[in-house]
Amino acid sequence: MSCAQTIQDYALRSIGYGERLLPREDYTLCEQFTLIGSGMIWNVYYGLVALLFGFFAATGLAMAKNSTNSWLRKPAEFFIYVFRGSPLFIQFFFAYAVFLSLKQSFPILQPLTSAWLGATLVLFFNTAAYSAEIFYGALRSIPKGDLEAADAYGITGWNRFKRITWPTMLRLAWPSYTNEAIFLFHGTALVSFSSFPVRGQKGDALYYASYFADKTFNPFIPYPILAFYFILLTLMVITVYGMIGKRLNRHLPQATIRRPSFMRTLFR
Amino acid sequence: MAFYSSFATVLVLLAITAPVALLFGFAGATAARSRFLPLSLLGKGYTAIVRGVPDIVFFMFFVIALDQAFEYLRHKAKCPDWSEPIRQGNDFVVCAQAKLPLSTSPQWVHETYGFSLAVLTFAIVFGAFAANVLFGAMKAVPRAQLETAEAYGMSHRQTFWRILVPQMWVYALPGLSNLWMILIKATPLLFLLGVEDIVYWARELGATKSPKFSDYPHGNWHAYYFFGLLVFYLMLTSVSERVFKRITVRLSHGQATAAGEAQRKAAQ
């Protein structure tokens, strides 16, 4: 079977398209690359969804933690403390157990016990808590002068938040937030061990990698492939976040020194 | 009973891993700082690769890889006249004397061997993070201190051990305390390495017991057990947070930093 054929059969295997049976013996390098890569679709999905929703939740949580109203502050502090203080792995197990018992009382909650919703929900809570702590730290370190200037111009309330507080907070938090995004994508690798069931062998990247490692008893091929994919993903995250960070900082004086142009130096 | 002693397993793992990982980190940081190019590339490559890949992938990879590496070395040393290839298709075959642990040895040797493999894996992974922290801390020590040491005629080695190493800890502490928190939260992954730790027992004991097989039949108790673990980890992290606060105060004493300066002023 040629490699193009393999890619055609297995590239979308993890979401249920293509060949139903996984290869059984004589695993080729191409098969391993394709299947593990197809599993990465799930990892990217978990990471993107959790990041997208987690970002807004984190902003809200950070504002709540920073507020003077203790009815808002205390719950936010507690939420952040619980999710930052306990391991993600335990959170997965605990959440799965809770979802299972919820399902028995309310059958409508059935999708919570499957990975596409349940695991994403846990990752969402987790990243919301971590990012909220980062955003909270950034909120605390917004230059006092910026807020005073806003007051002096009569910018208050929602307008002040939208134009002054929020952009400055993001700008200050961005480097640490990049780190958090990288860790979140690494955290998605845990999903395949978190007792959320895999139906019809539609698993994530680590599921396929450990499938190959178990079958061949040779960890030296599937895990480096997985590592390769994750390094690629990390590089992509760094690039995208770097671009956003540059845009957030575009109004600031840049550190680069503008050299006089070549012709100017020539005819001086 | 085994459930309670498994809490001790986690604590023992933490107690052994932390110093070993620090040692790995110290070696990595000194290597990365070295003026001998291959050595510094080795140190930098070690930190870059381990940090770019999810730790769980390393846990899965190293345990099998280390096991096979040890067995391979022993095989070469003990049975030199073994003619068959070691990798026979999907099997990894070594001679009986090279098996680790020997198949005749008692149960506890097997358990200890598994545990020490886990410790080594943790140390390799977290050593890379520690190396990064210590490398940054070594760079953060004010240049003037090192120049003064040179002016007094200390050799390179003396400067390193007497000036740089004692001073770097205060700069390394925030990073190291962060790392300790991450280490605590990584311990449930032990379960994946085949050590019978708290997650293992929580899964075993919490599972549904039917009256046929057990004296104490009960339903699915996973939620309660995992909630217990959640509380255990929360306690562990908050206690260590408090301890680190104390150590920071101790270490800032008499240092040329803002915290040290504040202490000096308060004492006057």
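## Aromatic pairs

Over all chains, this predicted model holds 29 aromatic pairs. One of them joins A:Y211 and A:F212 edge-to-face. Their ring centres lie 5.6 Å apart, with 70 degrees between the planes. Both A:Y211 and A:F212 are buried.

Another pair is tilted: B:F26 with B:W161, at 5.9 Å centre to centre and 35 degrees between the planes. B:F26 sits in helix α1 (residues 2-33) of chain B, and B:W161 in helix α6 (residues 156-186) of chain B. The pair therefore ties together parts that are 135 residues apart in sequence. B:F26 has 16% relative accessibility, so B:F26 counts as buried. B:W161 has 48%, so B:W161 counts as partly exposed.

In chain A, ring pairs also build a cluster. Its members are A:F55, A:F56, A:F135, A:W166, A:W174, A:Y177 and A:Y241.

## Where chains A and B meet

Chain A brings 35 residues to the contact, and chain B brings 32 residues. Together the two chains bury about 3100 Å², with 78% of it on carbon and sulfur atoms. On the chain A side, A:I90, A:F94 and A:F217 lose the most area to chain B. These three account for 19% of what that side buries.

Between chain A and chain B there are zero salt bridges. Four residue pairs are in polar contact across the interface.

## The chain A side

Four elements of chain A each give two or more residues to the side that touches chain B: α3 (70-85), α4 (88-105), α8 (205-216) and α9 (222-248). The largest share, eight residues, comes from α4(A). By class, this side has 24 nonpolar, nine polar and two charged residues.

Technical notes:
Residues are numbered from 1 along each chain as its sequence is written. Chains are lettered from A and ligands numbered from 1 in the order in which they are written. This is a predicted model: local features need pLDDT of at least 70, side-chain atom pairs count only at pLDDT 80 or more; totals for chains, interfaces and linings use all residues. Side-chain values use heavy atoms; hydrogens and water are left out. Contact means heavy atoms within 4.5 Å. Buried area is the accessible area (1.4 Å probe) that two parts lose on being put together, summed over both. A salt bridge is a side-chain nitrogen of Lys or Arg within 4 Å of a carboxyl oxygen of Asp or Glu. A polar contact is a pair of N or O atoms within 3.5 Å; within protein, one must be able to donate a hydrogen and the other to accept it, and residues adjacent in sequence count only if both atoms are side-chain atoms. Ala, Val, Leu, Ile, Met, Phe, Trp, Tyr, Cys and Pro count as nonpolar, Asp, Glu, Lys and Arg as charged, and the others, Gly among them, as polar. Rings of Phe, Tyr and Trp (its six-membered ring) pair if their centres lie within 6.5 Å; planes under 30 degrees apart count as stacked, over 60 as edge-to-face and the rest as tilted. Buried means under 20% relative accessible area, exposed over 50%, partly exposed in between (1.4 Å probe, protein chains only).
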